[in-house]
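Subject: Structure handover

Hello,

My notes follow below it.

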Amino acid sequence: MRAAVIVFPGSNCDRDLAVAFERAGADVTMVWHKDDHLPEGTDIVGIPGGFSFGDYLRCGAIAAKSPISRSVAAHAGRGGYVLGVCNGFQVLTETGLLPGALMRNSNLKFICKPVELIVETTDSAFTGGYQKGQGLTVPVAHHDGNYQVDEATLAQLRAEDRIAFTYADNPNGSTADIAGVLSANRRVLGMMPHPERAVDAAHGGTDGVAMFRSLAEGLVSA
Amino acid sequence: MKVRVDVMLKTGVLDPQGEAVRHALGSLGFEGVGKVRQGKVIELDVAEGTSEDTIRDMCEKLLANTVIENYAIEVLG
C-alpha cells in the first residue's frame, strides 16, 4: 500500500496519520499542499487533522482550494482511496467529495475526549476489519464536528449504507449521530474521530488498528 | 470598486452561535429577542468593472459554502 499524507500549513496530525499507515505496512510519502500532483502509484491519500490555514473563512475551506486538492479530487475520481480525519473530513466536504457540512459543535465547546463509536457498515475497505454494531473507543478533538446534512441526503446515505460510524453518545449535535460517512463508491471516508490516535497501547487504546490493517489488506487498484 | 458580500446560514440550518447570543441577550435582561442568526460580512476591493458574475463565482467557489450558506452581493461603488 502506497499512502500519501497531505500536509497543509496548520496540519498537526500528519505525522500521527503517517505512523498509523506505516505500522500497517504502507510506504508513506508526505505531500506539501503546494505540490500539484500525488506520488506515482498512490493507493490512498490521507488528509490529516489539524487547523489548516488557521480555520480561516470556514474549517477546511482554504485547504480545499490548495493545488494538491485538485489532484486529490482527480485521484478520488479515478476510484482512488481517500481517508480524511477531523480537519481532513472538513476538507472533504468543502471539496464536495463527501456530502454535508461540519458546523460548530452544538454546545459551542471544543471537545477533546475518547468517545464510543458504533460501526454501522463493514462494507468498505476502511471498516471491513470490524463487526457491524461493534463499539470502538476512539478520541475526538474538534470544535466544528457537528455534521449536518439535509433530509434527502440523509435518506440517500442510509439507503446506500454509507454511514460508516455513529456516536454512541452524540457529543457535538451531528445529524443522526453521524461520525463518519463514505462516498458513493465507498472509497472515500471522512470521519471526525481520530483512528490514528488509537493504534498503540500508549495511546490508551488500539481500536483504530483494524482500520489501517484492513486498508493494507483490502485495497483494490484504482 | 468596493463590494460587500453577506454570508448567512440558510434558513433551517441550526445556528448554535446565534442561539448562544440569543441566550446571552436574554440573560442581560433584553426581552423579546425571538431569534438570532449570526453570519459574516466580507468586504472586497476589486478592479473597476469586475462583473457581478465574477463576484458570484467567487462566492460559489470560496466565500460561501452553498451547502449550508446563502450569500448576498452588494456593490458599494
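How many of the 77 residues of chain B count as buried, as a percentage? The figure is 12%. Please keep in mind throughout that this is a predicted model.

Chain B

Chain B is built from 2 helices and 3 strands, and from the N terminus on its elements follow the order β-α-β-α-β. Its radius of gyration is 16 Å, whereas the globule rule gives 11 Å for 77 residues; the value is well over the rule, so chain B is more spread out than a compact globule. Along the principal axes, the C-alpha atoms of chain B fill a box of roughly 50 × 25 × 15 Å. Among the contacts in chain B with a separation of 6 or more, 68% are between residues 24 or more positions apart.

Contact between the chains

Chain A brings 11 residues to the contact and chain B brings 9. On the chain B side, helix α1 (residues 16-27) supplies the largest share, 3 residues. By class, that side of chain B has 7 nonpolar and 2 polar residues, with no charged ones.

The sheet of chain A

In chain A, 9 strands make an open sheet with mixed pairing, in the order β2-β1-β3-β4-β11-β10-β9-β6-β7. The edges are β2 (27-32) and β7 (135-142) of chain A; each has a single partner strand, so one side of each is left without a neighbour in the sheet. From one strand to the next, the twist averages 20°.

Several of the pairings can be followed residue by residue. β4(A) and β11(A) are parallel and share 4 bridges, with L83(A) bridged to L189(A) in β11(A). L189(A) is also the bridge partner of L182(A), within the antiparallel pairing of β10(A) and β11(A), which has 3 bridges. These two strands, β10(A) and β11(A), form a hairpin with 5 residues between them, and R186(A) in its turn has a positive phi of about 70°. β10(A) is also joined to strand β9 (residues 163-167) of chain A, again antiparallel and through 3 bridges; there I163(A) has V181(A) as its bridge partner.

Why is strand β10 (residues 178-182) of chain A described as largely enclosed by the rest of the structure? The reason is that 5 of its 5 residues are buried.

Helix α3 (residues 87-95) of chain A is mostly covered, with 9 of its 9 residues buried. The buried residues of α3(A) run from N87(A) to T95(A), including F89(A), V91(A) and L92(A). What covers them includes α2 (67-77) and the strands β3 (44-47), β4 (81-85), β5 (101-103) and β11 (188-191) of chain A. Just after α3(A), G96(A) has a positive phi of about 85°.

In soluble globular proteins, nonpolar side chains tend to be buried together. Here the largest nonpolar core has 70 residues, and those with the most contacts inside it are V5(A), I6(A), F21(A), V82(A), L92(A), V188(A) and M191(A). Strand β1 (residues 2-7) of chain A gives the most to this core, 5 residues. Leaving aside residues up to four places away in sequence, V188(A) touches A76(A), V82(A), L92(A), L97(A), L98(A), L182(A) and S183(A).

Regards

Conventions: Residues numbered from 1 in each chain as written. Chains lettered and ligands numbered in written order. Predicted model: local features only at pLDDT ≥ 70, side-chain atom pairs only at ≥ 80, totals over all residues. Buried ≥ 20, exposed ≤ 12 C-beta atoms within 10 Å, placed from the backbone. Contact = placed C-beta atoms within 7 Å. Pairing = 2+ DSSP bridges. Axes fitted to C-alpha atoms, helices over the stretch in contact; angles between N-to-C directions. Core = buried A, V, L, I, M, F, W, Y, C linked by C-beta atoms within 7 Å. Nonpolar A, V, L, I, M, F, W, Y, C, P; charged D, E, K, R; others polar. Rg over C-alpha atoms; globule rule 2.2 N^0.38 Å.
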